[in-house]
Amino acid sequence: MSRILLVEDDPEMRHSTAQALDLAGFSVDALSSAEEALALASPGFNGVVVSDIRMPGMDGMTLLARLHEMDPEIPVILVTGHAEVQLAVEAMRQGAYDFIEKPFVVMELATVLRRAADHRALVIDNRRLRAVAGKRDDVEARLPGRTQVMVDLRYRLRAIGASDADTLIIGPTGAGKEVVARALHDISARAGRPFIAINCAALPEALIESELFGHEAGAFPGALRPRYGKFEHARGGTVLLDEIGSMPPELQAKLLRVLQERVITRLGSNEPVPLDVRFVATSKTDLAAAVARGAFREDLFWRLNVAVLHVPPLSARREDIPLLFLQLVRESAARHGIAEREVPPARLSALAGRDWPGNVRELRNLAERHVLNLDPLEPADARGTVPTGTRLADRMADYERSLIAGAISAHGGRLKAVYESLGISRKTLYEKMQRHGLDRRLILESPETADETE
């Protein structure tokens with residue numbers, strides 16, 4: 001069943017169209033604003049967006065642009081009045097899949113939607129095949145980096161993504177564990193189904209079982225009607241158990257049963273409900289150590305510890321920091337709809353020498369402030385700290401390596417610009433790259449740089 005995001009501010013029109021599309025075999029999310037559609041869409045969204053052009057707040061044209069910043073291949077169908085046909089034609093030039101004039105026959109819209117949904121399914125399948133083959137794809141766009149730890153992470157993620165195995169993702173705070181989990185879902189066969197994230201540390205203790213397993217009417221005071229829990233809501237998709245080490249011990253036993261038997265029982269019911277979901281858990285702490293302390297169930301740990309992904313801290317991939325920062329700046333500028341502010345190469349290089357206890361989250365915050373000109377990268381701030389080694393020579397070598405990696409990223413891989421900006425010869429640059437183990441994969445390949453990278 002194809003998923004449709006229907007954006008229409010008129011309640012009656014929204015309700016009637018959604019009902020007709022539901023009868024035509026589509027799974028419809030009826031939304032009153034473009035902002036709601038942006039919250040539900042993602043680069044791996046396996047469906048179609050239908051939006052009115054004229055709406056209060058964000059209009060359909062802006063929604064089209066924002067969606068295509070996220071993923072230029074998401075099909076967007078715009079609904080337009082007769083007087084807006086010229087505007088709709090302009091939208092086609094900007095990448096809209098099609099447009100429908102009001103008033104329209106729902107079956108005509110359904111026909112266009114089926115074509116768009118088939119096209120999107122083909123795009124998603126091709127991406128999945130490319131991901132399994134290890135070619136540049138959404139995974140590399142979301143988890144950029146040329147260091148070996150990132151190459152290994154993407155390789156393992158693609159291999160695990162092609163399976164249906166439950167997965168444990170381990171990494172420090174802010175390293176991007178939820179990004180990894182979402183990428184895992186989006187390259188799997190479950191990509192078109194729900195992705196439900198559950199913060200295990202924030203579950204309300206009094207209602208924790210109802211939140212996860214659901215309940216029947218009358219199961220407890222105030223339960224006036226039946227309710228699906230989060231596990232059941234994710235049917236066919238993926239459940240992310242964020243920071244599973246924070247889950248209360250009594251709930252760990254119930255989760256183990258769910259993982260083993262793939263059934264749940266709602267509160268107030270004796271009837272088991274089959275559960276078709278994939279579980280992905282994240283942890284910033286060493287769960288093996290938690291098992292040794294008695295803070296985490298050993299049987300649950302071994303049930304989760306089958307497919308494991310380790311997300312490295314920024315300190316383990318310093319030469320990726322300049323390239324990652326530039327990408328975060330581009331994303332932030334696109335999100336706010338403002339022009340990018342240039343990052344001087346010297347300042348960009350210095351970022352790799354700083355300590356980043358907050359990892360990618362801290363780097364993203366800095367990129368956001370840079371774009372908004374709230375906290376410019378002044379030279380004194382940009383220098384940060386140099387990674388400490390046991391000897392001065394080690395510290396100097398680390399700093400030189402970060403400067404060169406930053407210059408390569410800043411100049412888009414154009415080696416002539418790199419060695420000129422650093423005031424060294426081409427031969428010296430090559431020697432230093434070899435000495436510091438800077439793989440040429442750090443160089444951004446493009447026709448204009450091909451001659452210089454030989």
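A word on the model: it is predicted, with local features needing pLDDT of at least 70 and side-chain atom pairs counting only at pLDDT 80 or more, while totals for chains, interfaces and linings use all residues. Residues are numbered from 1 along each chain as its sequence is written, and side-chain values use heavy atoms, with hydrogens and water left out.

Let me start with β3, residues 47–52, where strands are DSSP runs of E with at least two residues and helices are runs of H or I with at least four, numbered from the N terminus. Because 6 of its 6 residues are buried, β3 is largely enclosed by the rest of the structure, buried meaning under 20% relative accessible area with a 1.4 Å probe, protein chains only.

Which strands pair with β3? Strand β1 (residues 3–7) does so in the parallel sense over 5 bridges, and strand β4 (residues 76–80) pairs with β3, also parallel, over 4 bridges; pairing requires that DSSP finds at least two bridges between the strands. Ile4 has Val48 of β3 as its bridge partner, and Val49 has Val76 in β4.

Turning to the helices, α19 (residues 415–422) and α20 (residues 426–435) pack at about 95°, with their axes 9 Å apart, the axes being lines fitted to C-alpha atoms over the stretch in contact and the angles running from 0 to 180 degrees between N-to-C directions. That makes α19 roughly perpendicular to α20, a label covering 65 to 115 degrees. Leu415, Val418 and Tyr419 of α19 meet Arg426, Leu429 and Tyr430 of α20, contact meaning heavy atoms within 4.5 Å.

Conventions:
Angles under 35 degrees count as roughly parallel, over 145 as roughly antiparallel, 65 to 115 as roughly perpendicular and the rest as oblique. Buried means under 20% relative accessible area, exposed over 50%, partly exposed in between (1.4 Å probe, protein chains only).
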